[in-house]
Every structure is written in structure tokens, then in C-alpha cells.
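Hi,

Here is the structure I promised to pass on. Have a look at it first, then read my notes below.

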Amino acid sequence: MVKKVGIIGAGTMGSGIAQVAATAGCAVKLFDLNDAALDKAKVSLEKILNRLIEKGRIDSEEKNRIQGNIEYVKRLDALAASDLTIEAIVENLDVKKKVFHELEGYVSENCIIASNTSSLSIASIAASLKHPSRCVGIHFFNPAPLMRLVEVIPAIQTSEKIKSITQETIESWGKIVALAKDTPGFIVNRVARPFYGEALRIYEEGGADFATIDQAMKSQGGFRMGPFELMDFIGNDVNYTVTETVFKEFYYDPRYRPSFTQKRLSEAGYLGRKSGKGYYEYGEGVEKPIPNDDSNLATSIFERVLIMLINEAADALFLNIASAKDIDNAMTKGVNYPKGLLAWADEKGIDWCVNELDRMYDVYHEDRYRCSPILRKMKSKNQTFF
């Protein structure tokens, strides 16, 4: 059983993972070369735990226990005794490989070496190690202490033993594990692309403005945030980079084609909330645009985005990226979708799904709107996902 955990990177994600592991009783060493990052992580944890005390979720004794389980270190060799190390640094393959190569020189052969990457190849990262069978992807979602889902991604080199220990460990930390194949975007960042991409396509075609599309997804679908609100929250630069990466990694499949609208906003520095302007303006006193209240338009927008999401989830199942249960858990627990997409497909009807996709393909004649083979097979056999 994992008792000693090393975390590489004291940013928001790394410090959040450290909190999760420390709360579960692990002895955690949080590493960063930057003094300011370590100090910020320490101060942030103090504030978070104080808020939990105020809400009555923990007491001062528990706060002290969690804080006592985390040691802040500036040397990578301080992680030498770790049973598990999780890297949470910049999304750059070369940088990760360099860190992993150095780390392997310090830790024992039994130490699991994991990456929190959201989209990079685990196989490529593992290839930087002398013992690649110990490498695995462990993808937490932000904020790590609150989001229940964790994607566990074995590389083709990962041993069954390492996969099992990793899954058991993350579940013992109170998380729901979704096992995913090592493909671009894993489950969530792959399946979620149409939420942004199809919304952008509707806008670019002149179908509706940002506010109307956002309102349609919230009012008709029950999503907490519309796609443009969410892209502004994530950051247009971050969201665009993920889309561009997935598009490239899937050999330029048109389903993942990035949008010029988002590209231009990113180039202009309109990154969303963090820059004060994105799809919306966030200055003091700025009023948000009023959406069109046409209910028929709202239904049309919602159903168009939904069917593309369902098709992507269905194709992930068809290509054995993950199980139906894990795909739906990933979307509801990882990004707070109101329903699992495959369960939603059952609710809408497989016939409806196939017919909608065929109707859109007839209009556009683009491979972007091709129906997943699994949906066609299920329609012919009158099957459901669950």
C-alpha cells in the first residue's frame, strides 16, 4: 500500500493533489524549485482548511493532521523514499521527460512514477524511463480536492501490477477511478470537444450569439455553465491549445477541427476572465448580453450540441477507450455534466441519435458529422447502452 507520496509541482493542481493525499493519511513531500510557489501552496492550504473548519467539515485537530502530513521541499532527491510520485508541471513533453529521467535516478525500482498530464502520451513519457513498466497516467481534475473523478491511464508499457496498485490507491483516497486507454485527451478532454466546437460552429454560421447559445445549454440541458462561459473560465488560450493538440494527435480528424473565432481571440489576448475579456467582458459595471428567448431556437441549439457529444462518447466506447460506465462517470464526475452522455442517448433514443446525425450529414456532407458505427449497430439491433 502506498504510504509515501511525492508531488512534483506546487501549482494549483500539484498542491491540490498533495492535499488529497495528505487528507488520506499519506506522508507527502511537495516539490518545487520556486520558493514563491511553495509559500503560496502553504498559504493556500491554510486558507482552504480554515474554510473547512468554518463550514464544520473538519476540526482544528484534523487541520493540523493534514498540514503535518505535508513537507515542502526544494530538492528533487527529497522524494527518494516515495512509494508514488505524481508530476503536475507544465504540459510539455520534453520537460516532463527530463524531470522523470532525473527522478528515476533517486527513487527505488518499486516507486510508481505518474503524470497528471491531461492529454500527452503516457507511452512517450514512460519511454524516458529505464523501467517504463512503473509509469502510469493519473489525471486529476481541478480543483483536485473537490472533483471526485480521476482518470487512470496505463501506457502500453505499464504493468498490470502497477495499474492495480494505482487504481486501489486512488480509490482509497476517496476518488472515483475511470480507466482510460492512452489516446489523445483520454476520456474527458476527448469527449468534451463538441461542447465547445459545435457551439463555436453554430456561432460562426450565424445561428446565434454567445449568450443565446450559453443560455440554451443551461435552460434546455441543465449544464451549470454554457460553452462560452466555460471557455472564458478555463482560458481561451488553454482551451484552444487542448483542441489544437487533440486535432493534431488524431491526424487532423475534422471532428476536432479548431475554430478561427477562438484562435483570433487567443491571439488578441482575449483569454476570458483572467484577462478581463473573452467571449464576454468582465470589467466592473459591464452588463452581460441578453440572450434570445426563442424556445425553439434554444432546443435546436441544445440538441445539435448534445448529439455531437453523444456521438463522441459512443465512438470512445466503440474504440475501447473506456467502458460505458467509466465514460459516463468521467463526464458527470469529472466535468459536472448533468447526465452521462450514453445514458442520455438511451433516454433520447438510439433511433433519434442516428437520425439526427444522418440529417446533419445530409446538410453538410462533412466527415465531422459521421455517425459512430456503434450507434448504427445498436439501432439495427434495437439495443441500448444500459
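**What I found**

Let's start with a pocket: by class, the lining of the second largest pocket has 17 nonpolar, eight polar and five charged residues. Here Ala, Val, Leu, Ile, Met, Phe, Trp, Tyr, Cys and Pro count as nonpolar, Asp, Glu, Lys and Arg as charged, and the others, Gly among them, as polar. Helix 1, helix 2 (35–54), helix 3 (60–68) and strand 3 (70–73) are the elements giving two or more residues to that lining. Helices (H or I, at least four residues) and strands (E, at least two) are DSSP runs, numbered from the N terminus.

Before going on, bear in mind that this is a predicted model, where local features need pLDDT of at least 70 and side-chain atom pairs count only at pLDDT 80 or more, while totals for chains, interfaces and linings use all residues. Residues are numbered from 1 along each chain as its sequence is written, and side-chain values use heavy atoms, with hydrogens and water left out.

Back to the second largest pocket: its volume is about 680 Å³, and among its 30 lining residues Gln19, Ile48, Leu52, Pro145 and Leu146 lie nearest the centre. A pocket is found on a 1 Å grid over the protein atoms alone, as an open set of points where a 1.4 Å probe fits, with protein on both sides within 12 Å along at least five of seven lines; lining residues have an atom within 4 Å of a point. Grid points are joined across faces, edges and corners, and a volume is the space filled by probe spheres set on the points.

The largest pocket holds about 1500 Å³ of space. It is lined by 42 residues, with Met13, Phe141, Asn142, Ile234 and Val238 nearest its centre. Helix 11 gives the most to this lining, five residues. The lining of the largest pocket divides into 22 nonpolar, 15 polar and five charged residues.

Asp214 sits in helix 9 (residues 210–221) and is buried, at 1% relative accessible area. Buried means under 20% relative accessible area, exposed over 50%, and partly exposed in between (1.4 Å probe, protein chains only). Leaving aside neighbours within four places in sequence, Asp214 is in contact (heavy atoms within 4.5 Å) with Gly226, Pro227, Phe228, Glu229 and Tyr280.

Asp326, in helix 14 (residues 324–334), is buried yet has no salt bridge; Lys325, the nearest side chain of opposite charge, is 6.1 Å away. For charge, Lys and Arg count as positive and Asp and Glu as negative; His and the chain ends are not counted.

What counts as a salt bridge? A side-chain nitrogen of Lys or Arg within 4 Å of a carboxyl oxygen of Asp or Glu. The structure holds 29 of these salt bridges. In one of them, Glu91 and Lys96 meet at 3.2 Å, N to O; Glu91 is partly exposed at 37%, whereas Lys96 is buried at 0%.

Arg370 and Asp253 also form a salt bridge (2.7 Å, N to O). Arg370 lies in the loop between helix 16 (350–364) and helix 17 (373–381) and Asp253 in the loop between helix 11 and helix 12 (260–268), so the pair ties together parts that are 117 residues apart in sequence. Salt bridges that share partners join Arg190, Asp253, Arg255, Glu312, Asp315, Asp367 and Arg370 into one network.

Cheers
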